[in-house]
Each structure stands twice: as C-alpha cells, then as structure tokens.
Amino acid sequence: GLSDGSLLLFSPTHGRLLRTLSDPSSSTAVLAVAGQDSTAVDPHTLWTSNADGALRLWNARTNELSQSLFSDDRIPYTSLSVRSSEEEGVTEVLAGHHSIRLLAISADSSKPKTLAKFTGHASPVSDLQWLDKSRFLSSASADRFVNVWEVPAASKSEGKIVATIPLDSDARSISLSSKTSVNRLLLTLSATGRVSVFTVTSDLTSPSTSKSKSAIPTLEPKSVISTSSRKNAASLSALTVSSVDDGI
C-alpha cells in the first residue's frame, strides 16, 4: 500500500510487479492491508485501511474497487485481519488503532457494524491474528506485550484479555503456525532481535501458566533465540519472523 492510496501486487516468484490497484476515491495513504481467509467465496479480494478513515474492498482479479465504508468516527485503522463469518454473505474484520474493533460487513453495507470492542494498547496496533474462532492475538508499536483476547458472546460488548505475553523489548513481529498444526506455535520477534517460541494453544489451558496479581495468565517461552552480538550485528538485525514448518 502506497501513500497515494494505490495498492501494488508484487510476485516474488517472477521478481516483478504484476499489477496496480487504484481508484480516484482512494487518494490517502494505505495504513494496513489484509487478504481474505482460505474459506472466502472469492479469494481474490483485498481489504485496505486508509488515512482518511475508510475501509476499502478491492478485487485483485478485475482491478476494481468494490466497496468503501466509513464508520461514524472515521478511525484510520493501522492493522486489519479478515475472516468469513458464520452468517452467509458477511465478512468479519478485526480493525485496530489504539483500540480494536470486531466489525461485521455485508455486501450491501453502507457502514460497518461493530460486534465488539477491545481496549488494552496505548500505542497503534501493528498486528492482529486469529488464534481460533473466539480468540485472537494483538501487538502494537512501542509495546513489549502481546495480548491474547477473547471475543465476548454478547454483541456490542467489551472483549477481555485472557493472557499476556511479555517480551524483553518492543514487539517487532509475531507469527502463528498453521491452524492444521497439532499445537499452534507463536513466534515473536522483539526490537532487540530476540525470537521467542510459545506453544500458545496448550499454554492457554495449562494450569501451570503463571499469573500476575491481576489474575491474567502470563505465557512463558519454550525456547528463545538471540541474534549474534558481533560488532556488525546492527546491520544484520532481524525485521520479521515467520513459521514455515507446519509439521512441528
């Protein structure tokens, strides 16, 4: 996503730009991009959040802008995560700025419908990832905690943090292993270059999980990987982390 509101699709396999998505109505900076999940009817659709506070739905196959939606407060969301709803024809979008909202959007929507709100980060949310049907993870810039949230059963209510994952410094990147894994792994990368590995699914249900005074469970890493302390380590600092082996 570019500062002029356009969206570029690049192919690492071919090593070139495949196409550019643009529309006269999208002229402010793209702050976040998210694709549909694997169960979507049309996997070629992409969602963007722009600095003008709009959520936009693009069709990457036809190069068209399909939908533009504005909430009443026009919040410019800094992170998005999209999944298909159990309700036919409805898409659920996790959208985060300082707070996080779970939105329901249908094809004929003029405004997104807020299903739940989540408050817990003091800085803009940088990453949102679904853990399962009712829980998701969030990280934010200038924040050394990754939060695990639970979606409330009642619509339009406040969600709660069910676990926290403290890092040694600000969170730079988080990555979940595939949903097909027996136990999903969470990889976190901090600003110091430290990679921590969590067996997040079992840790959330384990009675041995440590608890703080606030009674919110705190997850501990199963493994920690630190980058080299060589003099030129700054030029080789890790920027992101990703799980590639789903057989673990």
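Trainee: In what order do the five strands of the open sheet run, and how is the pairing described?

Mentor: Start with what pairing means: two strands pair if DSSP finds at least two bridges between them. Helices (H or I, at least four residues) and strands (E, at least two) are themselves DSSP runs, numbered from the N terminus. Here the order is E7-E8-E9-E10-E14, and the pairing is mixed. Strand E7 (79-84) and strand E14 (157-158) stand at the edges with a single partner strand each, so one side of each has no neighbour in the sheet. Before we go on, bear in mind that this is a predicted model: local features need pLDDT of at least 70, side-chain atom pairs count only at pLDDT 80 or more, and totals for chains, interfaces and linings use all residues. Residues are numbered from 1 along each chain as its sequence is written, and side-chain values use heavy atoms, with hydrogens and water left out.

Trainee: How many bridges join E7 and E8, and in which sense do they pair?

Mentor: Six bridges, in the antiparallel sense. To find your place, look at Val 82, whose bridge partner in E8 is Val 93. Then follow the hairpin of E7 and E8: there are five residues between the strands, and Gly 89 takes a positive phi near 80 degrees. Ser 85 sits in that loop too, between E7 and strand E8 (90-96).

Trainee: What does Ser 85 touch?

Mentor: Contact means heavy atoms within 4.5 Å. Leaving out residues up to four places away in sequence, Ser 85 touches Val 90, Thr 91 and Glu 92. A polar atom of the Ser 85 side chain also lies 3.0 Å from the backbone nitrogen of Glu 87.

Trainee: And which residue of E10 is the bridge partner of Leu 103?

Mentor: Thr 114. Strand E9 (residues 99-106) and strand E10 (residues 113-119) run antiparallel, joined by six bridges. A general point for reading any sheet: in a regular strand the side chains alternate between the two faces.

Trainee: Is E7 mostly covered or mostly uncovered?

Mentor: Check the cut-offs before you label a residue: buried means under 20% relative accessible area, exposed over 50%, and partly exposed in between (1.4 Å probe, protein chains only). E7 is mostly covered, with five of its six residues buried. For the chain as a whole, buried residues make up 45% of the 248 residues.

Trainee: How many salt bridges does the structure hold?

Mentor: Five. The test is a side-chain nitrogen of Lys or Arg within 4 Å of a carboxyl oxygen of Asp or Glu. One of them pairs Arg 83 with Glu 92, the closest N and O atoms being 2.9 Å apart. Arg 83 is buried because its relative accessible area is 16%, and Glu 92 counts as buried at 12%.

Trainee: Which residue forms a salt bridge with Lys 111?

Mentor: Asp 72, with the closest N and O atoms 2.5 Å apart. This pair links distant parts of the chain, 39 residues apart: Lys 111 is in the loop between E9 and E10, and Asp 72 is in the loop between strand E6 (64-70) and E7. Lys 111 counts as partly exposed at 47% relative accessibility, while Asp 72 counts as exposed at 66%.

Trainee: What about Arg 101: which residue is its salt-bridge partner?

Mentor: Asp 73, the closest N and O atoms being 2.9 Å apart. Arg 101 lies in strand E9 and Asp 73 in the loop between E6 and E7, so the pair ties together parts that are 28 residues apart in sequence. Arg 101 counts as buried at 14% relative accessibility, and Asp 73 as partly exposed at 39%.

Trainee: Let's go to the start of the chain. Which side chain does His 14 make a polar contact with?

Mentor: A polar contact is a pair of N or O atoms within 3.5 Å; within protein, one must be able to donate a hydrogen and the other to accept it, and residues adjacent in sequence count only if both atoms are side-chain atoms. His 14 makes one with the side chain of Ser 11 (2.9 Å). You'll find His 14 in the loop between E1 and strand E2 (16-21), and it counts as exposed because its relative accessible area is 54%.
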